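Here are my notes on this model, written as numbered points. Have the coordinates open while you go through them.

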Amino acid sequence: MSIDIESLKKKAVIIRRDILEVLHVAGSGHPGGSLSAVEIMLTLYGYVMNHKPQDPAWEGRDRLIISKGHATPVVYVALAHFGYFPKEELKTFRKFKSRLQGHVHSHVPGVEFCTGSLGHGLSFANGIALGAKMRGKNFKVYCLLGDGENQEGSIWEAAMTAGHHQLNNICAIVDYNKVQENGPLKDIKNIEPLAKKWSSFGWHTLEVNGHNFKELMTAFDEFKNRKDKPTVIIAHTIKGKGVSFMEGKSSWHGKAPNQEQLAQALKELV
Ligand SMILES: Cc1ncc(C[n+]2csc(CCOP(=O)(O)OP(=O)(O)O)c2C)c(N)n1
Ligand SMILES: [Mg+2]
């Protein structure tokens, strides 16, 4: 598929601006791990995945499991931009009675599975991938993981399962932004050597700059051609990417920008 990277880059700026607006209106939520995953999400919805926003339950769709379920700002903004529901609805994010709550929920069109408690998405993705193989279906299963989430034992149990069953129809993406809730991973619990760990669990392991569309696309293309193993794309990213005072800061893991901070951020995102 030919794809215009320049238009994706422009879309990334719009998505980042919308994420910040949505957080500001809500008064709470998770900017850091949303801004780090913008290019990953845009590449998935705009290039990689077979999906029909007008028919979210279409049987042949590729499945995307958001295991880092707190990344709702980027997920919901991306879904709205691709036409799953009206952009207007984003104003209800985290409001009482809205379906757009703080952690992804499957009652939102385009969301496959409820997450929020970290560590569960990959096991669910495995189940879908294994079921697809048993029923002879050839859709793909994608699973977005946090890097701090890679400290969870359940991730490695799931990694072992996918490796054992040679689930070549599953692709995990680690948003490796180096920062978890309360600080840098390297100080709290280092996950290195990460690529070696995934490889030793039987995964085809790729490392890319997670803000570079071309690198992401090439890695996803490689996944689709892989016949013998599951694939993990370790995407090196920056938490809070695009907003100078948020970049690399755990203090912006879960906090909404106030009016002044929003204005400053929007000035930078052009
Ligand atoms: C099982 C579980 N423990 C703790 C939390 C609270 N929590 C929410 S986000 C988060 C940090 C996750 O860090 P990371 O995976 O690096 O996410 P990102 O940087 O992409 O936001 C934590 C500890 C949770 N949601 N689930
Ligand atoms: Mg992180």
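1. The model is predicted, so to speak of local features a pLDDT of at least 70 is needed and side-chain atom pairs count only at pLDDT 80 or more, while totals for chains, interfaces and linings use all residues. Residues are numbered from 1 along each chain as its sequence is written, chains are lettered from A and ligands numbered from 1 in the order in which they are written, and side-chain values use heavy atoms, with hydrogens and water left out.

2. Overall dimensions next. The radius of gyration, taken over C-alpha atoms, is compared with a globule rule of 2.2 Å times the number of residues to the power 0.38. For 270 residues a compact globule would come out near 18 Å, and the chain's 17 Å agrees with that. The C-alpha trace spans about 50 × 45 × 35 Å along its principal axes.

3. On burial, the cut-offs are relative accessible area under 20% for buried, over 50% for exposed, and partly exposed in between (1.4 Å probe, protein chains only). By that count, 54% of the 270 residues are buried. The accessible surface (Shrake-Rupley, 1.4 Å probe; for residues, only the protein chains shown count as cover) is about 11,500 Å², with 52% of it belonging to carbon and sulfur atoms.

4. Contacts mean heavy atoms within 4.5 Å. Taking contacts between residues at least 6 apart in sequence, 76% join residues at least 24 apart.

5. For charges, Lys and Arg count as positive and Asp and Glu as negative, leaving out His and the chain ends; each charge is placed at NZ of Lys, CZ of Arg, CG of Asp or CD of Glu. There are 34 positive and 27 negative side chains, and the centres of the two sets lie 2 Å apart.

6. Look at helix α4, residues 72–81: ten of its ten residues are buried. Among them are Val74, Tyr76, Leu79 and His81. The partners they pack against are α1 (5–26), α2 (32–35), α3 (38–48) and β1 (63–66). After α4 comes glycine 83, with a positive phi near 95 degrees.

7. Which residues coordinate the magnesium ion (ligand 2)? They are Asp147 (OD), Asn177 (OD1) and Val179 (O), at 2.0 to 2.2 Å. Donors are N, O and S atoms within 2.8 Å of the metal (3.2 Å for Na, K and Ca), and water is not among the atoms, so sites may look incomplete. Along the chain the donors follow the spacing D-x29-N-x1-V. Asparagine 177 is buried at 5% relative accessible area, and valine 179 is buried at 8%.

8. Histidine 70 sits in the loop between β1 and α4 and is buried, with a relative accessible area of 12%. Beyond its neighbours within four places in sequence, histidine 70 contacts His30, Gly102, His103, Leu118 and His253. Histidine 70 and glycine 146 are 76 residues apart in sequence, with their C-alpha atoms 9.8 Å apart.

9. Glutamate 39, in helix α3, counts as buried at 6% relative accessibility; setting aside residues up to four places away in sequence, glutamate 39 touches Ala12, Arg16, Gly210, His211, Phe213 and Leu216. Alanine 37, in the loop between α2 and α3, is buried at 0%.

10. Finally, backbone geometry to check. Most residues other than glycine have a negative phi, and most peptide bonds are trans. Arginine 94 has a positive phi near 65 degrees; it is in the loop between α4 and α5 (121–134) and is partly exposed at 27%. Lysine 178 has a positive phi of about 70 degrees, lies in the loop between β3 (170–176) and α7, and is partly exposed at 32%. The peptide bond from glutamate 192 to proline 193 is cis, with omega near 0 degrees, and proline 193 is in the loop between α7 (185–188) and α8 (194–200).

Technical notes: Helix = DSSP H or I, 4+ residues; strand = E, 2+ residues; numbered from the N terminus.
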